[in-house]
Amino acid sequence: PHLGVLAGLLASGSLFSLVQRHIRYILLAAIAGCMAYQGYANLQKEWSTIGEFNDPHQEQLVQWIQTSTPPSAVFAGSMPCMAGVKLNAYRPIVNHPHYEDVDVRRRTLKVYQIYSRKPAKEIAATLRGMKVDYVIVENGWCVRSSGSGCSMAEMWDVEDPVNSRNPQFCFEVFNDNIPQPFKEVFRNDNYQVLQVTSK
């Protein structure tokens with residue numbers, strides 16, 4: 001950054017007006033050459049870094065979606081997961097992480113009921129109202145907490161105190177207590193896919 005500022009000052013000539021014009025241009029070319037040399041070295045270093053995203057559990061999920069569901073099947077789940085479903089499995093989703101408006105926030109709140117303590121029939125009715133065929137429940141979102149009062153269950157207890165004494169829906173699901181009207185259709189260590197069945 002310092003070389004860039006110096007080059008800008010040299011080009012304008014405001015500070016270096018006493019230096020002859022052709023000398024200023026020579027200095028400017030030398031500074032630009034130094035910046036280009038170092039910049040190219042930085043690019044070479046970045047290009048030589050070999051790495052890839054590796055999430056075998058999500059890869060299993062996407063592969064299952066591609067091979068076991070129709071292309072018109074509508075999915076719901078956490079916003080980061082929905083990005084992967086949309087991008088990699090090409091399936092319709094109800095809450096997209098790259099669009100931000102009031103409607104998306106409302107839909108996302110409805111979808112996140114899967115991490116609440118609401119009764120399963122109420123959650124299913126909400127999802128059916130959004131035309132959801134499959135909902136993806138993530139184990140980490142169910143049990144993770146970044147501090148006191150920050151877990152999904154604690155946030156839902158504030159949002160929905162009427163159901164605060166009920167068991168958490170996602171916890172029940174991960175403990176093999178799949179409530180009606182849901183049907184488990186896929187599971188690995190991180191994800192569980194529930195089909196939202198008809199009444």
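1. Glutamate 122 is partly exposed in this predicted model, with a relative accessible area of 36%. Its salt-bridge partner is lysine 118, and the closest N and O atoms of the two are 3.3 Å apart. Lysine 118 itself counts as buried, because its relative accessibility is 12% and the cut-off for buried is under 20%.

2. Lysine 118 also pairs with aspartate 160, and here the closest N and O atoms are 3.2 Å apart. This pair links distant parts of the chain: aspartate 160 sits in the loop between H8 and H9, lysine 118 in the loop between H5 and H6, and the two are 42 residues apart. Both aspartate 160 and lysine 118 are buried.

3. Taken together, Lys118, Glu122 and Asp160 are linked in a network of salt bridges. When you have the model open, you could start with lysine 118, which bridges to glutamate 122 and to aspartate 160.

4. How many salt bridges does the structure hold? There are six, and one of them joins the side chains of aspartate 157 and arginine 117 at 2.7 Å, N to O. Aspartate 157 belongs to helix H8 (residues 152–159) and arginine 117 to the loop between helix H5 (102–111) and H6, so this pair ties together parts that are 40 residues apart in sequence. Aspartate 157 is partly exposed, at 23% relative accessible area.

5. Now for the backbone. Lysine 131 is not a glycine, yet it has a positive phi of about 65 degrees. You will find lysine 131 in the loop between helix H6 (120–129) and strand E2 (134–138). Is this residue buried or exposed? Lysine 131 counts as exposed, because its relative accessibility is 63% and exposed means over 50%.

6. Aspartate 176 also deserves a look: this residue has a positive phi of about 65 degrees although it is not a glycine. Aspartate 176 lies in the loop between H9 and E3. With a relative accessibility of 59%, aspartate 176 counts as exposed.

7. Where is the cis peptide bond? It joins glutamine 180 and proline 181, with an omega of about 10 degrees. Proline 181 is part of the loop between helix H9 (169–174) and strand E3 (182–187).

How values were computed:
Residues numbered from 1 in each chain as written. Predicted model: local features only at pLDDT ≥ 70, side-chain atom pairs only at ≥ 80, totals over all residues. Heavy atoms only, no water. Helix = DSSP H or I, 4+ residues; strand = E, 2+ residues; numbered from the N terminus. Buried < 20%, exposed > 50% of the residue type's maximum accessible area, 1.4 Å probe, protein only. Salt bridge = Lys/Arg side-chain N within 4 Å of Asp/Glu carboxyl O.
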